[in-house]
Amino acid sequence: LRLLGDKDWLYRPEVQEPAPLTEDQLAEQAEVLMQLGSDQSGSEVRARLQSVNLLSDMESFKAANPGSELADFVRWHSPRDYEEGVGMSARMKAPGNMWTDLWEQARAVPAHRQKRLFDETREAEKVLQFLTSLGAGDLAQLTLPTLLQACHYRILSCVESSAFPDLHKSISKTVVSMSHLLCLPEVKHYRGNVKLDEFFLRENMGTKTLELLTSAEVGVSRLLSLKRKFLYDLTLAEEEE
């Protein structure tokens, strides 16, 4: 492709990679965007929050292609919004379009000189701060699948546990399923009242796993009790003989 203005080649710029987001950060973002509402002001703020990457790409594009215009950027970044011989789509030409405003704000700055979209040092500090502020209950919730699995391994260490194969399969399946779900403490440190169905599903599965573990423990205890009782009686009988 060539630039529309001076017919120079259109160069693909080096851009910053989008910042990686964990599941709790996605939940936080979803909550913030929902709280903004659906009115015009809320929609504008929502668009601004989601335009950080777009502005960075525009600045990289301008640095790689001096003299370029918005239509050149649209051809590269969003080809479906540009048609040869027609120009940009109606969405891009609409008054107050966010892309137009951002293009005017964007400076010609290559990606390696821009402010980083992902600051690993700051994110690491946030993680450490979050971990140090956790209470015992929150820590237990975060590691609940691991704790339940450790309990299961302890029960399996008893030879008598082999008498309940179906029960052990149910416990393993439930723990694995629960480990893929979000838990409330992961988003508790963010503002807003975040509620997801996964929280309640995880809680119910945890309760179910505890009930299964209790059943397995009771069964093993009964077998051990019966085994010790009968072995003790047999030992006395042999001594009497």
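These notebook entries record what I looked up about aromatic rings in this structure.

**Basis.** I worked from a predicted model, in which local features need pLDDT of at least 70, side-chain atom pairs count only at pLDDT 80 or more, and totals for chains, interfaces and linings use all residues. Residues are numbered from 1 along each chain as its sequence is written, and side-chain values use heavy atoms, with hydrogens and water left out.

**Aromatic pairs.** I searched the whole structure and found 6 aromatic pairs (rings of Phe, Tyr and Trp, the last by its six-membered ring, with centres within 6.5 Å; planes under 30 degrees apart are stacked, over 60 edge-to-face, the rest tilted). I noted Phe-61 and Trp-76 as a stacked pair, 5.6 Å centre to centre with 25° between the planes. Phe-61 belongs to helix 3 (residues 52–64) and Trp-76 to helix 4 (residues 70–77), 15 residues apart (helices are DSSP runs of H or I, at least four residues, numbered from the N terminus).

I then checked Phe-73 and Trp-99, a tilted pair at 5.8 Å and 55°. Phe-73 is in helix 4 and Trp-99 in helix 6 (residues 98–105), so this pair ties together parts 26 residues apart in sequence.

**Accessibility.** I read relative accessible area with a 1.4 Å probe on protein chains only (buried under 20%, exposed over 50%, partly exposed in between). Phe-61 is buried at 0%, whereas Trp-76 is partly exposed at 23%. Phe-73 is buried at 0%, and Trp-99 is buried at 9%.

**Cluster and charge.** I recorded one aromatic cluster formed by Phe-61, Phe-73, Trp-76, Trp-99 and Trp-103. The charged end of Lys-62 sits over the ring of Trp-103, 4.6 Å from its centre (NZ of Lys or CZ of Arg within 6 Å of the ring centre and within 35 degrees of the ring normal).

Methods:
Helix = DSSP H or I, 4+ residues; strand = E, 2+ residues; numbered from the N terminus.
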